[in-house]
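This report covers domains, a ligand shell and helix packing. Look at the structure first, then read on.

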Amino acid sequence: MHLDYLLILGVCAESAAFSINGLISKNVALSLSHSYSIRGSSHLRSSSIPSMQYETSTQTKLNSDLNINIQNLIEKVDIFLAGKIGSVEQEKESIVKRIDEIHAKDLEFCSPFISSKLRKDSKQNSISYERIYSNEENPHPIAIRTTDVTQPLLDPYAIHAIRDAAETQWRDKNKSSSRFTYQRKGNYEAHLIDLATNVNPELLSIVNTALEDRIYPLVQDVYSDIIDLEDLSFQIYDSLVIRYNATEAKLFSNTIGAGQPLHRDLGIVSVNIMLNEEFEGGGTLLENQLSRNDVVDESVEPLKPIGAGHAVSHLSSERHAGVGTTDGVRDILVMFLTATRKNADSKVPSLERTARLKSMTRKHSLEFGSNHDAILCRILHHRLATKYTPTDGEAYQYLGMSLRDYAKIEENQSHALDIMLLAIRCLLVAFERNPCDGRLSNNIALSYENLLSMANKSGKSIDPIEMDSRIVSFYRRAMLLHQQCDKIGCDVSFDFDCATLNFGLYEANQDLFVEAINVLERFESSVSYATNEERNEQQDRMRNDALGLLEFCRRTLTNKIR
Ligand SMILES: O=C(O)CCC(=O)C(=O)O
Ligand SMILES: [Fe+2]
């Protein structure tokens with residue numbers, strides 16, 4: 001589905017206003033005034049760097065149109081920011097300074113692990129690997145998998161030492177210092193640096209040898225086409241031993257197994273090494289493996305290394321999940337690599353800056369007393385994220401969502417509408433880059449709904465049929481993407497619930513009760529795999545709302561038939 005970006009600019013022509021039938025909000029005592037937009041998660045690893053490449057032949061023309069529009073769009077965002085913030089350039093500088101300082105501090109955490117020599121001085125890569133491609137007509141590489149059984153990144157001795165140290169730490173509850181945010185039943189984690197420091201000092205030399213001889217040369221080989229490696233030195237900023245214990249997860253009736261939801265990691269490159277083979281399910285699902293056609297592709301399978309000691313690697317910005325391990329125990333060692341520039345003015349690569357800008361936004365914005373200033377802070381951060389990595393779809397997504405939030409508090413209706421249009425255009429740029437992000441499709445549909453109601457308020461009119469078809473297409477797309485993930489064993493239940501309820505509510509508001517029922521019926525059969533208590537509560541509330549709405553639709557339909 002390709003959308004016409006220019007059309008969005010032209011939707012405000014003067015003609016009859018379109019009004020949504022307000023049946024639900026008028027007649028039903030449901031607390032459905034809120035819609036569920038989906039924010040990026042705030043955990044340590046929620047950040048993003050661009051996907052490896054971004055081109056398809058059918059998109060070529062759109063891309064070139066898009067380039068002109070992006071420039072125009074960014075200019076408009078800059079004009080908006082300059083009108084709201086007195087000293088934009090100064091603010092930007094201080095944000096970047098703060099981000100770079102955190103980066104420098106984080107690098108100390110794993111400093112006992114060696115960093116890579118510059119590429120020209122480093123060893124030649126000897127590890128064979130294959131590329132894994134996105135699921136589209138003109139696929140682009142999204143990951144690699146090592147392919148030669150005789151060349152593991154870690155040998156059995158190293159694997160044994162790592163697992164043994166992790167188990168020792170897990171037995172000692174006092175020693176578990178976790179920065180890991182996916183504290184789900186059945187999941188365990190240990191920082192490799194803690195294991196090397198507190199449990200088995202030999203791990204330092206084991207890991208450093210693997211890094212120097214195999215891992216860094218491999219990474220430099222794999223990513224040389226994608227990242228400018230000139231004067232770049234890689235370094236571990238964190239590394240985790242993760243255990244997914246399916247038996248324990250099942251005890252808590254978490255039927256999808258032990259896993260991690262979709263996320264991005266901080267840093268630049270993630271290397272995911274398999275430590276054992278005795279489990280069912282599991283593996284790493286990359287969002288871009290999903291089908292972007294409006295079908296569920298049954299052939300998509302999560303990536304698994306060829307055996308213990310072997311690896312899968314991807315840019316940390318590729319959105320991915322740990323698919324539920326359904327039987328046994330799955331152990332992995334994940335290394336998150338960042339980098340510094342040796343000879344440049346700025347030591348921090350722009351990819352790293354973008355990732356950190358996005359991950360720090362929430363924290364920085366909470367420092368402001370007023371909601372207005374907090375939203376401006378978010379817009380500024382995401383604008384900077386798009387500046388450092390213009391290809392980053394998620395940066396555009398967040399920029400769009402923060403602009404949308406500004407539009408909602410803008411009192412001047414006409415200005416609000418203009419800002420909303422800017423927001424939607426950012427979201428559409430994001431969609432071009434990340435067509436398989438189900439949250440994004442939901443948020444676009446929702447934003448079109450917001451646009452319609454704002455247009456009504458300000459007396460402007462929008463082609464209702466065009467809008468309706470976009471809203472429905474984006475909700476359908478969101479549902480389909482979530483459905484694919486769910487089928488593969490990746491926990492998207494929260495996002496799936498959001499999209500389902502929003503879509504059902506939209507249909508019900510159009511008096512399309514049969515359609516609404518079809519959508520909402522999912523709530524009668526689906527299971528919730530909430531990640532933490534807060535989400536659990538929110539999800540329960542959503543489910544109740546949805547079931548109430550479903551009942552209302554059924555009742556209304558029966559009354560109509562009578
Ligand atoms: O389970 C997996 O393979 C994914 C692990 C992962 O993404 C992470 O630890 O950040
Ligand atoms: Fe990850």
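The model discussed here is predicted.

**Helix pairs**

Two packed helices are described by the angle between their axes and the distance between the axes.

| Helix pair | Angle | Axis distance |
|---|---|---|
| α5 (residues 156-171) and α7 (residues 202-222) | about 135° | 10 Å |
| α10 (residues 371-388) and α11 (residues 393-409) | about 155° | 8 Å |
| α13 (residues 438-457) and α14 (residues 464-488) | about 160° | 7 Å |

Start with α13 and α14. Their axes meet at an angle of about 160°, and the two helices are therefore roughly antiparallel. The crossing of α13 past α14 is left-handed. On the α13 side, the contact uses Gly438, Ser441, Asn442, Ile444, Ala445, Tyr448, Glu449 and Leu452. On the α14 side, the partners are Met467, Arg470, Ile471, Phe474, Tyr475, Arg477, Ala478, Leu481 and His482. By class, this contact of α13 with α14 holds ten nonpolar, four polar and three charged residues.

Next come α10 and α11. The angle is about 155° and the axes are 8 Å apart. α10 and α11 are therefore roughly antiparallel to each other. Here too the crossing is left-handed. α10 brings Asn371, His372, Ile375, Arg378, Ile379, His382, Arg383, Ala385 and Thr386 to the contact. α11 answers with Ala395, Tyr396, Tyr398, Leu399, Ser402, Leu403, Asp405, Tyr406 and Ile409. The contact of α10 with α11 splits into ten nonpolar, five polar and three charged residues.

The remaining pair in the table is α5 with α7. The crossing of α5 and α7 is left-handed. From α5, the contact takes Ala158, Ala161, Ile162 and Ala165. From α7, it takes Glu202, Leu203, Ile206 and Ala210. Seven of the residues in the contact of α5 with α7 are nonpolar, none is polar and one is charged.

**Domains**

The chain divides into two domains. Domain 1 is made of 73-109 and 349-439, and domain 2 spans 112-341. Their C-alpha centres lie 30 Å apart. The contact between them draws twelve residues from domain 1 and 19 residues from domain 2. Which helices each supply at least two residues of the domain 1 side? They are α4 (88-109) and α9 (350-365). α9 gives the most to that side, with five residues. The side of domain 1 that touches domain 2 has seven nonpolar residues, one polar and four charged.

**Ligand 1**

How many residues surround ligand 1? The shell has eleven residues. The closest are Asp265, Asn272, Thr284, Gly322 and Val334. Two strands, β4 (232-245) and β10 (320-341), each supply at least two residues of this shell. β10 has the largest share, with four residues. The shell around ligand 1 divides into four nonpolar, five polar and two charged residues.

Terms used. Residues are numbered from 1 along each chain as its sequence is written. Chains are lettered from A and ligands numbered from 1 in the order in which they are written. This is a predicted model: local features need pLDDT of at least 70, side-chain atom pairs count only at pLDDT 80 or more; totals for chains, interfaces and linings use all residues. Domain bounds come from an automatic or database domain assignment. Two residues are in contact if their C-beta atoms, placed from the backbone, lie within 7 Å. Ala, Val, Leu, Ile, Met, Phe, Trp, Tyr, Cys and Pro count as nonpolar, Asp, Glu, Lys and Arg as charged, and the others, Gly among them, as polar. A residue is near a molecule or strand if its C-beta atom, placed from the backbone, lies within 6 Å of it. Axes are lines fitted to C-alpha atoms, for helices over the stretch in contact, and angles run from 0 to 180 degrees between N-to-C directions. A crossing is left-handed if the near helix is turned anticlockwise from the far one by less than a right angle, and right-handed if clockwise. Angles under 35 degrees count as roughly parallel, over 145 as roughly antiparallel, 65 to 115 as roughly perpendicular and the rest as oblique.
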